[in-house]
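Dear colleague,

Please find the structure below, together with a short account of what was found in it. I would be grateful if you could read the two side by side.

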Amino acid sequence: MESGGKDEVKGAVLHIVVVGFHHKRGCQVEFSYPPISDEGHDSNSLPDQWKYLPFLALPDGAHNYQEDTVYFLLPPLSEELKCVYGVSCYRQIEAKALKVRQADVTRETVQKSVCVLSRVPVFGLIAAKLQLITHAYFEEKDFSQISILKELYDHMNGSLRFPTLEGSQVYLGLSARDLILHFKHKVLVLFKLILLEKKVLFYVSPVNRLVGTLMTVLSLFPGMIERGLPDSSHYHPKSSQSETTDIIKSVDLTQNTEVFVAEPAASQSDGSTGTKVNSSPPDWLDSEWESLDPSVLEEEEEQGGGRSAQAECIEPESNTPITVQPKATPAQTAQHTHTDTHSDTHPHTPLLEEDRCGLPLAIFTKGYLCLPYMALQQHHLLCDVRVRGFVAGATNILFRQQRHLSDAIVDVEEGGIHIADPELRRVLSLTTADLRFCDFLLKSVSEHSEDVFLDGTGWEGGDEWIRAQFTHYMHTLLASTLQQDNEKLLADYGSAFISTWRITHNYRAWSSTHHPTIAEVTPGHPFQGQYSVADVKLRFSHSVQNSERGRRLGSAVMSTSRSVVQTGRAVGQSVGGALNSAKTVMSSWFSTLSQPALISNPQSTTTTKQ
């Protein structure tokens, strides 16, 4: 967030925007207050950095739902801002129900979204207010009535004063309890995936469930939503659909000189076919980045003393330069220590407001993106060489089908995590201590689910309690990594995981600065200890639930159980029917035996003799 030193108290809301679907032009901005463009409130034009705003506010496949809510992030338009946080409420209404039907309404339904662009990431709080206003706006049945939108801007800026927001306002609507109950032990796998700065794609419909799950996972990282996302949306939009790479930074390893090759500017004439070469990098590309030719990647890794974990999104036969993470130097990482550091750095390297433990970690920096909802028009970001990783959400099946562009695909509906790389699965395998930690969370949430007042606002087993447990886990993890020679201590977190994490950008940035408070934390896993029979059962249960072989075995057992039950019922019915028939026969036979013999009339017998 921005520091409040220069401007005491600011309104949190930047713009109120209405996005509609036009039958010819598609998604477009129909109204903005205050105006985004100098052309006025009704202008459709947008700055290039916000060209994806209409597609984020009106999500793909929105016609399948009567209403929906979207969270998204936008790049800043000025150096004053570091990130723009957006919340959009979508609704649709039948055209025949409108009191005033405009000439461009040619479809049976009208689809629109009302968006709030904010300085601060209070997604749930804004969504709660915006849903009410959107409902009232549609109830007018006359979209030319914009006074309610102007009142919304004034009201929200009066009630949401920045930077006086409380931490509880940030987590409104993000239920950590539901996340634990749905994903169970896999929550910790998600936690470690993001720590390793991997390419993680969340997939589910509708969008409100998608963005809610993704942001809830991020809320488990201490201070991440409040102060860790300023640099998470600094991507470079494509200038045309046919463009594949705008600017590629390459390094001449023989002369150690940098050359930046850029596409011709949009203002150049069509006849210009020359390539523009600049002697300095563009303003959106940090000078700290290193780009290496794939053929020399291994050689550079040996010089750096570690393996690079960011060689994804590039096919082996491709000669495209691979963007890797730079080493964190004290001069660079000192910028992330305190908010009172002089702000003479690059505008796209924002200062993270860290606490005394060095949190939040600088995960979403240097090209690692956070995209709670990714529009189809942003698909090129998945394979952009300037993007070293992402945590993104998508509802379009095309994202899920291209599995090679992601390290992990999280199926929110089924609560599964699909990882194709066996080495990454090995690195992320949970240790016994990790399983104890997850089992403790799951049991605490399950036991207190009926006692928690108002859906998770209680302490033990509640949302804040769960986040506190992950904060403690993060503190002990950081403290344990400082014990270089204690391999047994680190083994509780996973030796392979620790080795991989130590070469990531966020850990190198954290470790290059001294944090005295972490030294006061007792190192070691919160659930370290001797093995027991309960651990064996826990490990077996986890293996059955998460491995492919275990799932097949569990499915076979369930099928066999159902077959046995069904067979038993059939046998029981047939045997029971036979017994009932035998019982009926025996009953009728015994009843026949119990009847007295039939005695003839003596008079008729006498008469017959005579």
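Is K141 buried, partly exposed or exposed? K141 is partly exposed, as its relative accessible area is 28%; buried means under 20%, exposed over 50% and partly exposed in between, with a 1.4 Å probe and protein chains only.

This is a predicted model, in which local features need pLDDT of at least 70 and side-chain atom pairs count only at pLDDT 80 or more, while totals for chains, interfaces and linings use all residues. Residues are numbered from 1 along each chain as its sequence is written, and side-chain values use heavy atoms, with hydrogens and water left out.

Backbone features

K141 lies in the loop between helix 2 (123-139) and helix 3 (147-159), and its phi is near 60°, a positive value in a residue other than glycine. Helices (H or I, at least four residues) and strands (E, at least two) are DSSP runs, numbered from the N terminus. Phi of K366 is also positive, near 55°, but K366 is buried, with a relative accessible area of 2%. K366 belongs to the loop between helix 10 and strand 14. P360 is placed in the loop between helix 10 (330-333) and strand 14, and a cis peptide bond with omega of about 5° joins L359 to P360. Another cis peptide bond, between Y33 and P34, has an omega of about -10°.

An open sheet is formed by 5 strands in the order 14-15-8-16-17, with mixed pairing; two strands pair if DSSP finds at least two bridges between them. Strand 14 (368-371) and strand 17 (416-419) are at the edges with a single partner strand each, so one side of each has no neighbour in the sheet. Strand 8 (residues 199-203) and strand 16 (residues 408-411) run parallel and are joined by 4 bridges. Helix 6 (residues 186-195) packs on the sheet, and the strands it touches include strand 8 and strand 16.

A helix pair

The axes of helix 5 (residues 176-183) and helix 7 (residues 207-219) come within 10 Å and cross at roughly 100°. Helix 5 is therefore roughly perpendicular to helix 7, a term for angles of 65 to 115 degrees. Axes are lines fitted to C-alpha atoms, for helices over the stretch in contact, and angles run from 0 to 180 degrees between N-to-C directions. Contact means heavy atoms within 4.5 Å. A176, L179, H182 and F183 in helix 5 meet R209, T213, T216 and V217 in helix 7.

With kind regards

Conventions
Angles under 35 degrees count as roughly parallel, over 145 as roughly antiparallel, 65 to 115 as roughly perpendicular and the rest as oblique.
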